[in-house]
Amino acid sequence: MELDAVADELYGLPPADFTTARDTQAKAARAAGNRELADEIGRLRRPTLAAWASNLLVRERPAEVRALLQLGEGLRQAHHDLDGERLRELSVRQHQLTFALARQAAQLTAQAGRSIGEAARQDVQDTLQAVLADPEAAEEWAAGRLTKPLSVPVGFPAARQPASRAPAPGRASRPAAKVTDLDEARARRDDARKRLQHAQRQVQEAQQELRAREHELAAAEKEQSRADEAERQAGQRVADLSRQLRDAEREQRQARETARTARDRARAVDRATREARRRAGDTEARAQKLAEQTRPST
């Protein structure tokens, strides 16, 4: 028994099952005489619903995990290079992918028997945003053992400035050239800063529009869900009424057959009655005739 294997198993479980499974594993390690491992297992913390959903996503969607990690590398490089056009392009992709993956995570938890709410789904999306911005967060997330959501950073880490170089020994400095170079550098820096600020404003606008579209999509999906449920219920009612109609038609056929049988029997009884009445009349007539023949003459 190793800690990594135990942790991988535990962090794939729903939070409601985590504590019992963890304590069972710790007890087994202690029974095997490995007290240190038992203590390490006992220190593992139960994940929140959002953390569990993020862990499921890592485990069940490896291709999407790789795509997100690659996107994070591209975004961080574009930010480092102050590449506004590339940053805008990747930022749109960023929100599309994080929104889609957060929805997938919610679907995975539902398939595992525990649905998460909108707040937890947003925590998953925030975690994915943190993964894109911070390589350390990306590494932590990719391990699939989060205990709580990751926080979205205010911005990407600032690009590091190259270390200044001392003048070569024996080479005289040129103050005028230095001033010119410094001014040009400052001008380039100011220009880059303005371009970056402009790009960031455009990104914010794109993000706001995307969030609005996402809310519209969520509302549309809820409306579709209600319509699907109404259609299902209507279909069930139609099926029930169709079954009742089939039962009524079967009863009608049985009643019609019973009535036909009764009519046939009534006709047969009527014929038998008329025949019996005729025979009775004939018998009475013969009896009367015989009575007349045997009557003494006067």
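Arg 121 is buried in this predicted model, at 10% relative accessible area. The cut-off for buried is under 20%. The side chain of Arg 121 meets that of Glu 118 in a salt bridge, 3.0 Å from N to O. Both residues sit in helix α7, residues 118-133, and since they are 3 residues apart, about one helical turn separates them.

Ala 218 belongs to α9, which covers residues 175-293, and counts as partly exposed at 29% relative accessibility.

Arg 260 pairs with Glu 257, with 2.5 Å between the closest N and O atoms. They are 3 residues apart in the helix, about one turn. Arg 260 is partly exposed at 36%, and Glu 257 is partly exposed at 43%.

Next, Arg 279 and Glu 275: their side chains form a salt bridge at 3.3 Å, N to O. Arg 279 has 44% relative accessibility, partly exposed, and Glu 275 has 30%, also partly exposed. The spacing here is 4 residues within α9, again about one turn. What network does Glu 275 belong to? Salt bridges with shared partners join Glu 275 to Arg 278, Arg 279 and Asp 282. Over the whole structure, the search finds 15 salt bridges.

Last, helix α6, residues 84-111. Its 28 residues should span 40 Å at 1.5 Å a residue, and the end C-alpha atoms are 40 Å apart, so the two agree. Just after α6, Gly 113 has a positive phi, about 95°.

Key:
Residues are numbered from 1 along each chain as its sequence is written. This is a predicted model: local features need pLDDT of at least 70, side-chain atom pairs count only at pLDDT 80 or more; totals for chains, interfaces and linings use all residues. Side-chain values use heavy atoms; hydrogens and water are left out. Helices (H or I, at least four residues) and strands (E, at least two) are DSSP runs, numbered from the N terminus. Buried means under 20% relative accessible area, exposed over 50%, partly exposed in between (1.4 Å probe, protein chains only). The expected span of a helix is 1.5 Å times one less than its number of residues. A salt bridge is a side-chain nitrogen of Lys or Arg within 4 Å of a carboxyl oxygen of Asp or Glu.
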